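Please have a look at the sequence and the 3D view first, then read on.

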Amino acid sequence: MCSLLATKPTASTTSLIVIFMGPPGAGKGTHAGPLSQQLGIPHISTGDLFRNNIRMGTPLGQIANRYIAEGKLVPDELTLDMLFDRLSKEDCKKGCILDGFPRTVSQAEAFEKRLDGSSKLLVLHLCVDDAPIIERIIGRFVCNKCATPYHSRFNPPLTPGHCDRCQGFLYQRDDDREDVVRRRLEVYRTQTKPVIDYYAEKEGLLREVCGMSQPEIVFEKVLQALT
Ligand code: AMP
């Protein structure tokens, strides 16, 4: 396993923010979990935050649900308020791993304004082709308690229907249906890809990782990209 020393905040920085970019099904959630354990900073997925709100029946959850079910993005203002509230919590003091955010250039700009000079920012782009994405997503199951992702073919749980980690119940997300996945990929191409170009123009921020191999191999590449 490679050293992560280079990613640690330096004397002039106090927190590390890793942004995971990539299309739906690229493996952002799969790798962000273990990376969070390794770096000792929380994994924050805006999709999971929305799904928690939907489960709890909050007003935000009720609005977000309409967009998510159609494979559309939740409006920036709601997303930013929800994320910034989460980032204000104590456990984010040393940084975090962002998964699923930013998804628009205006989210990226709003996030940048909120950062102070003491944060070190790194953007990891997991690159995958479209064809395997559909197969990856429609076979995907997620734990209802800890959100650990599984795949019926590539990463099945030890006990069918139950999470290996917490014994939670595995379910398929409504927006992982093929028609919604195709819409999400289109939204990714038109609204989120420009965010990668936005970061590519900022020197030294963007690291590209090929996400097409076995998860263990991709995770090693993720670690290497952070050094
Ligand atoms: P994910 O779990 O990241 O695939 O997100 C699931 C859905 O939540 C997306 O298809 C969007 O509808 C919504 N969502 C998640 N993150 C964002 C975001 N940063 N901006 C807007 N909508 C989001």
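**Notes on the fold and strand E1**

1. Buried residues, meaning those under 20% relative accessible area with a 1.4 Å probe and protein chains only, account for 46% of the 227 residues in the protein chain. Please keep in mind that this is a predicted model, where local features need pLDDT of at least 70, side-chain atom pairs count only at pLDDT 80 or more, and totals for chains, interfaces and linings use all residues. Residues are numbered from 1 along each chain as its sequence is written, and side-chain values use heavy atoms, with hydrogens and water left out.

2. The protein chain holds eight helices and eight strands; these are DSSP runs numbered from the N terminus, helices being H or I with at least four residues and strands E with at least two. Its C-alpha trace spans about 45 × 40 × 35 Å along the principal axes.

3. Seven of its seven residues are buried, so E1 is largely enclosed by the rest of the structure. One side carries Ser-15, Ile-17, Ile-19 and Met-21, and the other Leu-16, Val-18 and Phe-20.

4. Which strands pair with E1? Pairing requires at least two bridges found by DSSP. Strand E4 (residues 119-127) runs parallel to E1 and is joined to it by seven bridges, with Val-18 partnering Leu-122. Strand E3 (residues 95-99) also pairs with E1 in the parallel sense, over five bridges, and here Leu-16 partners Gly-95.

Technical notes. Buried < 20%, exposed > 50% of the residue type's maximum accessible area, 1.4 Å probe, protein only.
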